[in-house]
Amino acid sequence: MKIAFAKSGAAAGPVVIIPAFENENPLPPHEAIEAASDGAFSRALKRAAFKGKRGQTAEFYFAQDDARIFAVGAGKRADFDAQGAEALGGAAVAPLLKTQ
């Protein structure tokens, strides 16, 4: 699977939002995309300096599926609460709203 960095635009294909806790192992959705991309997803996250900090986002485009993938930081698991969930949702949706 080929990963390319791209500017935000209207989503023609699927949009996948993957939450990530700071300094923790990836959650199952990340692992599925990682497997489908032959490790390219983790390499792209590393290049983007994505650490899973609260509100941090990284957007990727999978050309073969015309899919947009958003990694969204949830912060530290111990600090994750209702406000954290709301912040995660806002950070995930904000780039999508800019494209409409």
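Modeller: Happy to, with one reminder: this is a predicted model. Let me begin with Glu 34: apart from its neighbours within four places in sequence, Glu 34 is in contact with Gly 39, Ala 40, Phe 41 and Ser 42. Glu 34 itself is found in helix H1, residues 28–36.

Biologist: Why is Glu 34 said to have no salt bridge?

Modeller: A salt bridge needs a side-chain nitrogen of Lys or Arg within 4 Å of a carboxyl oxygen of Asp or Glu. For Glu 34, the nearest side chain of opposite charge is Arg 43, at 5.7 Å.

Biologist: Which pairs do form salt bridges, then?

Modeller: The count comes to two salt bridges. In one of them, Arg 77 pairs with Glu 24, and the closest N and O atoms are 3.0 Å apart. Arg 77 lies in the loop between S4 and H3 and Glu 24 in the loop between S2 and H1, so this pair ties together parts that are 53 residues apart in sequence. Glu 59 forms a salt bridge with Arg 68, with 2.8 Å between the closest N and O atoms. Both 3.0 Å and 2.8 Å are within 4 Å, so each pair meets the rule.

Biologist: How do you know whether Arg 77 and Glu 24 are buried, exposed or partly exposed?

Modeller: Buried means under 20% relative accessible area and exposed means over 50%, with partly exposed in between. Arg 77 has 42% and Glu 24 has 35%, so both count as partly exposed. In the other pair, Glu 59 and Arg 68 are buried.

Biologist: What makes Asn 23 and Asp 38 worth a look?

Modeller: Their backbone angles. Asn 23 has a positive phi, near 55°, in a residue other than glycine. Asp 38 is not a glycine either, and its phi is positive at about 55°. Asn 23 sits in the loop between strand S2 (15–21) and H1, while the place of Asp 38 is the loop between H1 and helix H2 (40–47).

Biologist: Why are Asn 23 and Asp 38 called exposed?

Modeller: The cut-off for exposed is over 50%. Asn 23 reaches 65% relative accessibility, so it counts as exposed. Asp 38 comes to 63%, and therefore counts as exposed too.

Biologist: Which residues gather in the patch of positive charge on the surface?

Modeller: Lys 46, Lys 51, Lys 53 and Lys 76. Lys 76 is in the loop between strand S4 (67–75) and helix H3 (82–97).

Technical notes
Residues are numbered from 1 along each chain as its sequence is written. This is a predicted model: local features need pLDDT of at least 70, side-chain atom pairs count only at pLDDT 80 or more; totals for chains, interfaces and linings use all residues. Side-chain values use heavy atoms; hydrogens and water are left out. Helices (H or I, at least four residues) and strands (E, at least two) are DSSP runs, numbered from the N terminus. Buried means under 20% relative accessible area, exposed over 50%, partly exposed in between (1.4 Å probe, protein chains only). Lys and Arg count as positive and Asp and Glu as negative; His and the chain ends are not counted. Contact means heavy atoms within 4.5 Å. Patches are made of residues with over 30% relative accessible area and no salt bridge: like charges are joined within 9 Å, nonpolar side chains (Val, Leu, Ile, Met, Phe, Trp, Tyr) within 5 Å. Accessible areas come from the Shrake-Rupley method with a 1.4 Å probe; for residues, only the protein chains shown count as cover. The place of a charge is taken as NZ of Lys, CZ of Arg, CG of Asp or CD of Glu.
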